[in-house]
Amino acid sequence: VCVVTTGSGAADATARTFANCTAMHRVYPHGVGKFGAHDHTSGTPVTSFKRSNALYYANRKSDRDGDRIACEQR
């Protein structure tokens, strides 16, 4: 028997949800975003955020500006 998995199902099911940005910053100081996301800012963009589609979708309520990065912070 050969079983092939894509690896995305388990990661999506176990992605941690944070109550707010303060809680997220304790673990991910610069926030979390989808792969390929870019910070929308008039200053220096945040580029050091954690890239994880599963984490982003679990916390997308915290993406106030809609740039696919939740709780971005320098």
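Select cysteine 21 and cysteine 71: their link is left-handed, with -80° about the S-S bond. The two residues form a disulfide, with the sulfur atoms 2.0 Å apart; the criterion is a pair of cysteine sulfur atoms within 2.5 Å. The pair links distant parts of the chain, 50 residues apart, with cysteine 21 in helix α2 and cysteine 71 in the segment after β3. By this rule the count comes to one disulfide. Helices (H or I, at least four residues) and strands (E, at least two) are DSSP runs, numbered from the N terminus.

This is a predicted model, in which local features need pLDDT of at least 70 and side-chain atom pairs count only at pLDDT 80 or more, while totals for chains, interfaces and linings use all residues. Residues are numbered from 1 along each chain as its sequence is written, and side-chain values use heavy atoms, with hydrogens and water left out.

Colour the two cysteines by accessibility next. Cysteine 21 counts as buried at 16% relative accessibility, and cysteine 71 counts as buried at 4%. Buried means under 20% relative accessible area, exposed over 50%, and partly exposed in between (1.4 Å probe, protein chains only).

Turn now to the strands. Three of them form an open sheet in the order β2-β1-β3, with mixed pairing. The edge strands are β2 and β3 (69–70), each of which pairs on one side only. Two strands pair if DSSP finds at least two bridges between them. Strands β1 and β3 run antiparallel and are joined by two bridges. To see one of these positions, select glycine 33, whose bridge partner in β3 is isoleucine 69.

From the sheet, move to aspartate 39, in the loop between β1 (32–33) and β2 (50–51). Aspartate 39 is buried, with a relative accessible area of 12%. Its side chain reaches the backbone nitrogen of valine 46 at 2.8 Å. Such a polar contact is a pair of N or O atoms within 3.5 Å; within protein, one must be able to donate a hydrogen and the other to accept it, and residues adjacent in sequence count only if both atoms are side-chain atoms. Not counting residues up to four places away in sequence, aspartate 39 touches several residues, including Asp65, Asp67, Ile69 and Arg74. Contact here means heavy atoms within 4.5 Å.

Next, select alanine 15, found in the loop between α1 (8–14) and α2 (21–27). Alanine 15 is buried, at 18% relative accessible area. Not counting residues up to four places away in sequence, alanine 15 touches Ala54, Leu55 and Ala58.

Finally, display the aromatic rings; the structure holds two aromatic pairs. Phenylalanine 18 and tyrosine 28 have ring centres 6.1 Å apart and planes at 90°, so this pair is edge-to-face. Rings of Phe, Tyr and Trp (its six-membered ring) pair if their centres lie within 6.5 Å; planes under 30 degrees apart count as stacked, over 60 as edge-to-face and the rest as tilted. Phenylalanine 18 lies in the loop between α1 and α2, and tyrosine 28 in the loop between α2 and β1. Phenylalanine 18 counts as buried at 3% relative accessibility, whereas tyrosine 28 counts as partly exposed at 21%. Tyrosine 56 and tyrosine 57 form an edge-to-face pair, 5.5 Å centre to centre with 70° between the planes.
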